[in-house]
Amino acid sequence: MNVIEVNKKRLVLLKKMHKAVESSVSFVKKKSIKSPEEPDFIASLCLNFTPSLFNLLKTTFPKNKFAVTSIYCHQKPIVDIRHSKCPELGDILFVYIYTDRMGNIELNSLLLQAKMSINTSAIIAATDLHQLELYTKWPDFTYKRAGKLNGIARSIIPKTINDGAQYLMINNARGYKLPWVRKPFSMGCSIPSNPLNMNNKLTSELINFLKFKSGRTFEGDPSKTNDDWTKMIWDLIEIAKSVVSRRKNIGLNDFTRQQAYKHDGCCFYKSDIDNSILQNLHNHLDRGNNDYVNNDSSKDDLGATSIVLIECNEQYDNFND
């Protein structure tokens, strides 16, 4: 699934991915007893959008092998930036790991902070400016409410806006409209600014993400680098994994109520590769014979960012294309 292949299938991807995202949003609105909030939509992205995403990738690029793993985490890690308030690190992290036919690996990341808004431009309230400062200035920080990471310091370079951390704007009404987009849509992305100004719908951003035109690349071994962005991404993967794997699993057959805190640690995965970076977790879930598991982590001082991990292995027979 190289750039040329993605470009060839771009219109198909846009259409079907748009349908999958909108379906996840509609699900929230139909199931909600009260007005849904950001965590409800993030939960639905993790648990309702990802099965469609796996099937879309498999049918669109049948010569490649894929794994899609998602973990919904309700309590998010916060970081101390020496501000009067401690910001969340992010609501959802998309990770893409691409292995080409020669075995070369590329890794991409996109960290999103969710914000409800009915307009494509939105003022960030004074109470949320600490979050904006994190994404625009990247002051040195230490983890808080992040389990075993508590107290660990990170220094992200450069200390300015980057494509790896953006805002996810969510419309709970009739959808957004942009001059260059034909149909209304419910989720879009904005670079960190005040006001926020949407520059792309989420589906377009994700397609660019798969082409490495959006997001921020990171390295495969955090122990062999001085890049703290790389270390932070692997930090988030590890703590999200621990929300699922370290507790007794309870089957969850239907994500029926938008009480997001009750689904902390819920996980979905489908895979046709046997060397996923989360292979141990997949094996753990397989032993329970469930695609979904649920864990009660409400009593723990553990925050983790929700994660959608996409892995693609290009196959050798593509040489003959």
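Predicted model: local features only at pLDDT ≥ 70, side-chain atom pairs only at ≥ 80, totals over all residues.
View 1. A disulfide is a covalent bond between the sulfur atoms of two cysteines, and a search of the whole structure finds zero of them.

**View 2. Cys267 and its closest cysteine sulfur, in Cys266.** Cys267 is also a cysteine that counts as buried, here at 0% relative accessibility. Its sulfur is 8.8 Å from the one in Cys266, and this distance is too far for a bond.

**View 3. Strand β16, residues 306-314, enclosed by the rest of the structure.** Nine of the nine residues of strand β16 are buried, so the strand is largely enclosed by the rest of the structure. Ser306, Val308, Ile310, Cys312 and Glu314 point one way from the strand, while Ile307, Leu309, Glu311 and Asn313 point the other way, and the residues of both groups are all buried.

**View 4. Strands β1 and β3 as pairing partners of β16.** Strand β1, which covers residues 64-71, runs antiparallel to β16 and is joined to it by eight bridges; within this pairing, Phe66 stands opposite Cys312 of β16. Strand β3, which covers residues 92-99, pairs with β16 in the parallel sense, over eight bridges, and here Ile97 stands opposite Glu311 of β16. Both Cys312 and Glu311 are among the buried residues of β16, although Cys312 points one way from the strand and Glu311 the other.

Notes:
Residues numbered from 1 in each chain as written. Heavy atoms only, no water. Buried < 20%, exposed > 50% of the residue type's maximum accessible area, 1.4 Å probe, protein only. Helix = DSSP H or I, 4+ residues; strand = E, 2+ residues; numbered from the N terminus. Pairing = 2+ DSSP bridges. Disulfide = S-S within 2.5 Å.
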